[in-house]
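Q: I'm new to this one and would like to learn how to read it, feature by feature. Please show me the sequence and the structure to begin with.

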Amino acid sequence: MVELGIKKLHELLKSGEVTSAELIKESLQKSHEIQEKCNAFVTIVDDALSTQVTDDVLSGIPFGIKDNYSTKGILSTGSSNTLRDYVPFFDATAVANLRIHGAVPVNKTALDEFGMGGTGTTAHTGVIRNPWDVKRMCAGSSSGSAAAVAAGVYPYALGSDTGDSIRKPAAFCGIVGYKPTYGMISRYGLFPFASSLDHCGVLTRSVEDAAIVVDAMKGCDELDQTSWDSQDISLANSLNGNVAGKKLFFIKEIVDESNYPDLSKELKEHLSNFRKTIKNLERIGVSVDEVSIDKTLLNAIPSVYVCLSCAEATSNMSNLTGIIFGPRGKGDNVTEMMKDHRTKGFSPLIKRRFVIGSYILQKENQERYFVNAQRVRRLIVDKMKELFKTYDGLILPVSTGGAPYIDGSKDEINASDTAILEEHLQIGNFGGFPSITIPNGFVSKLPVGVNITGDCYDDANILNIAYALEATMNYKGMIAGDKYE
Amino acid sequence: MSKYKAVIGLEMHCELKSNSKVFSNACNEYSEIANINVQALDMAFPGTLPVVNKECVRKALLMSIVLNCKQPEYLYFDRKNYYYPDLPKGYQITQMHSPIGIDGHITINCNGYEKDILIHDIHLEEDSAALEHFSDASLIDYNRSGVPLLELVTEPCFNSAEEAVAFLEEMRRIYQYCDVSDADTQKGQIRCDVNVSIMDEDAKELGTKVEIKNVNTFANVFEAINYEIKRQSELKDAGRYAEVVQETRRFDEETGTTKRMRGKVDAIDYKYFVEPNIPKYKIDNSWLEEIKKDIPELPRERKNKYINSWHLSEYDANIIIKDKSYADYFDECVNSGIDAKVAANWLIVNIIAYLSKEDISIKEFFLTPKLLKQIIDELNKGTISSKQAKEIFFKALDEEKVPSSYISKDIAQISDKGALEEIITNILNNNSKQIEEYKNGKTNLFDYFVGQVMKETRGKANPILTKEILKDKLDN
């Protein structure tokens with residue numbers, strides 16, 4: 001039953017056809033099955049208690065939490081050995097808000113260590129597998145959340161998104177991934193990766209569920225100065241499907257086949273599927289324009305992201321010394337102890353990012369790398385803001401197709417022709433823009449996704465367009481393994 | 001002492017007074033008990049975020065204004081990254097790019113001469129935790145982690161230890177007067193770093209700068225500077241000035257010397273960058289105007305008032321402004337109508353001595369200016385003698401009773417002119433022989449008559465009035 005949507009589950013709970021305890025039991029059972037199959041979890045909360053069913057649509061319904069959210073009394077590792085034994089004494093604000101609504105966390109989902117990866121292969125608990133095909137990756141870093149939602153463990157799981165960590169795994173797992181405007185959801189209690197780019201968000205199987213969950217997670221938080229008051233915004237109530245007259249654009253330099261001289265069959269299929277999606281939009285009254293943007297600017301996106309995210313990460317993770325929390329390192333003095341803790345605790349990928357971050361922040365390099373990256377970030381954001389004056393949003397295909405195989409995957413900075421197609425979702429983080437990925441079909445029998453990104457604070461509009469688009473296709477509420485197409 | 005010119009710069013860290021810490025809502029209060037004023041952020045638990053304490057910003061802006069600094073248009077903070085066990089986050093939130101005040105100046109008085117001190121900048125930051133080292137372990141007390149600190153950086157504009165300490169003392173007074181900090185060195189609320197170099201009197205270029213870190217009392221600042229001037233001068237005299245290198249040293253209290261910590265090559269790259277979790281905040285002019293209204297009369301202004309308008313000696317004025325609570329008490333005395341010189345005398349001779357003997361603050365002192373005035377009024381009226389006034393003063397303090405309750409008929413002086421004249425006439429009538437001797441030139445007999453009056457009145461005759469009447473009757 002847990003493969004149903006939130007509203008349907010709420011109806012069943014209200015009518016007494018099912019109880020919260022039964023839903024939780026089923027969700028836990030599925031968690032164990034999916035753990036066997038996909039290795040999606042760090043912790044399964046076997047003693048999760050049911051809550052009273054109220055008029056709140058989320059009450060009594062199980063959900064999952066990415067393991068980089070602080071959860072009171074529940075192990076929270078960030079999928080890192082540096083926090084392998086850390087049990088927080090406080091809830092992240094987003095989690096606390098959901099608890100107030102009566103939602104029940106049943107597991108903590110695995111991720112690329114501290115969110116710093118895009119493959120789901122660097123968690124300290126091992127590789128996370130895609131429920132559509134276990135030989136394939138989920139992408140990352142919200143890999144466990146994406147796998148669990150796609151497998152129908154519960155209607156939703158929390159994710160976090162610094163580059164594309166919600167929106168790309170959503171695409172690879174055939175589900176919805178939404179990160180709202182920066183600051184709409186408090187980041188208090190989210191283990192930081194790169195504070196100026198980090199967003200909380202959610203993975204679901206429908207746009208409506210994403211709206212319902214973020215409505216409950218969001219709000220101004222006195223513990224996060226970057227959060228803002230969104231009381232006047234009700235995302236779920238804004239979904240009316242009425243999108244006639246809305247205007248979207250896509251970027252020619254990313255979508256046009258001519259940009260890819262060595263076009264693979266898969267990519268060709270993916271791009272033509274995207275064109276089909278555009279047609280669907282046009283049929284419901286949305287106009288979609290092709291816009292050209294300087295390729296130099298676009299090509300700078302991945303390196304700007306690497307510079308800024310690695311620099312902030314280096315600083316953000318300096319609290320992981322094993323002195324206050326995490327396993328205490330060995331050594332004759334405190335410096336040795338910190339070194340030992342960090343050397344043993346972090347995976348090689350993260351260490352490499354720290355080295356890059358440190359290098360970028362060094363006095364002699366800051367201007368050249370860090371400050372310039374900030375300037376280019378500003379240029380990109382300004383360009384988008386300018387376009388958002390004319391358009392409701394930007395629509396682009398996610399990645400170059402379906403999920404790649406795990407074996408042979410390398411989580412590296414992608415330098416190929418298709419880099420921009422892989423990395424353009426980072427635009428959403430640069431500007432703090434609301435951004436949502438929804439499934440838009442299958443390529444080589446694997447789900448693929450399309451992304452819509454809009455201007456800050458325009459979440460309701462963006463979700464409504466995604467909601468209307470979703471209704472033109474047949475991929476809402478998909479569970480991995482079912483037959484589609 | 002040295003034939004060289006010393007050039008000294010100061011960094012003064014001062015803990016701000018506030019209800020909560022600068023970025024967390026833990027209590028900002030000095031405590032002997034370790035780790036009781038701690039919130040999750042103060043220990044950098046994963047996911048915690050800084051939230052700026054507006055009251056701390058207000059106080060920092062107030063100091064920025066007092067020091068005649070320029071305030072930035074936007075308030076924001078930077079991270080200073082380094083690893084140390086007293087720094088839980090692995091970085092300190094401070095202000096490097098846009099301090100809360102830059103390019104300020106303030107006039108100080110040092111041994112009778114005035115000097116303008118240039119302020120490079122003043123910025124708001126957080127304190128680190130406190131470490132305590134034992135032979136086999138070190139302990140960390142996070143009470144201090146996140147306590148608001150104002151760091152004031154001067155230009156290298158002092159030429160002696162005296163000037164440096166005069167500045168620090170003036171700053172301490174200003175912090176206290178503005179209620180920005182208790183500025184108590186005993187509690188480690190003020191800590192200084194000192195830069196010292198020497199140069200030939202006529203040289204154009206500065207000498208090699210040596211930094212001495214974490215000097216915690218003004219006496220140590222004084223000693224550290226003088227030791228460093230001496231050390232550098234001796235090396236220069238011996239032709240070994242090259243051995244003075246740009247380095248960081250520490251002051252060793254036991255030996256009164258400075259010791260090398262690290263050289264320039266080991267200088268730490270703090271990798272400063274803007275703190276992303278605190279949005280830029282526009283500092284409105286209207287807010288600055290509001291803050292300006294909160295600036296009290298500063299010690300220097302008060303001192304000038306005491307000397308120029310109230311005619312105190314500089315010596316007395318200096319004693320009174322030393323502590324804001326003294327100056328406040330004094331002002332209240334004068335404003336309630338006590339003569340300034342009389343009030344100053346009482347304060348300096350009796351009250352301050354009493355306070356230090358009893359080890360209490362003037363706020364705990366029983367005789368408020370209003371109560372003190374009761375004594376002084378009676379003294380002025382001549383109802384009591386100054387000896388009696390003192391007795392009443394101490395008795396009132398001892399028994400915590402209002403002074404007027406001691407000024408009964410019994411103790412009151414005979415100041416009634418008619419009554420005194422009657423007594424004196426009687427005495428003179430019975431001493432005609434002595435009057436004759438007096439009139440023949442034995443003028444020291446005057447005291448004999450005074451004595452007789454006192455004897456008759458059992459010491460209660462108003463001595464001034466007695467002398468007046470006597471003189472009048474004897475000389476005419």
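**Reading the model step by step**

Q: Where is S141(A) found?

A: S141(A) lies in the loop between strand 5 (133–137) and helix 4 (143–150) of chain A. Helices here are DSSP runs of H or I with at least four residues, strands are runs of E with at least two, and both are numbered from the N terminus. The peptide bond that joins G140(A) and S141(A) is cis, with omega at about 10°.

Q: What should I know about the model and its numbering?

A: This is a predicted model, so local features need pLDDT of at least 70 and side-chain atom pairs count only at pLDDT 80 or more, while totals for chains, interfaces and linings use all residues. Residues are numbered from 1 along each chain as its sequence is written, and chains are lettered from A and ligands numbered from 1 in the order in which they are written.

Q: How many helices and strands does chain A have, and what is its radius of gyration?

A: Chain A has 15 helices and 13 strands. The radius of gyration is taken over C-alpha atoms, and the globule rule is 2.2 Å times the number of residues to the power 0.38. For 485 residues a compact globule would come out near 23 Å, and the 21 Å of chain A agrees with that. Its C-alpha atoms fill a box of roughly 70 × 65 × 45 Å along the principal axes.

Q: And what about chain B?

A: Chain B holds 14 helices and 15 strands. Its radius of gyration is 31 Å, well over the 23 Å that the globule rule gives for 476 residues, so chain B is more spread out than a compact globule. The box for chain B is roughly 100 × 55 × 50 Å. An automatic or database domain assignment sets the domain bounds: domain 1 (5–288), domain 2 (295–406) and domain 3 (417–475) of chain B. The centres of domain 2 and domain 3 of chain B, over C-alpha atoms, are 36 Å apart.

Q: What counts as buried or exposed?

A: Count the other C-beta atoms, placed from the backbone, within 10 Å of a residue's own: 20 or more is buried, 12 or fewer is exposed, and in between is partly exposed. By that count 59% of the 485 residues of chain A are buried, and 38% of the 476 residues in chain B are. K282(B), in strand 15 (residues 281–282) of chain B, has 9 C-beta neighbours inside 10 Å, so K282(B) counts as exposed.

Q: Which strand pairs with strand 8 of chain A over six bridges?

A: Strands of a sheet pair through backbone hydrogen bonds, either parallel or antiparallel. Here, two strands pair if DSSP finds at least two bridges between them. Strand 6 (residues 156–161) of chain A pairs with strand 8 of chain A in the antiparallel sense over six bridges. Strand 7 (residues 176–179) of chain A also pairs antiparallel with strand 8, over three bridges. L203(A) is the bridge partner of A157(A) and of G177(A). Six of the six residues of strand 8 (residues 199–204) are buried, so strand 8 is largely enclosed by the rest of the structure.

Q: How many residues of chain B touch chain A?

A: Two residues are in contact if their C-beta atoms, placed from the backbone, lie within 7 Å. On that basis 24 residues of chain B are in contact with 31 residues of chain A. The chain B side divides into 16 nonpolar, four polar and four charged residues; Ala, Val, Leu, Ile, Met, Phe, Trp, Tyr, Cys and Pro count as nonpolar, Asp, Glu, Lys and Arg as charged, and the others, Gly among them, as polar.
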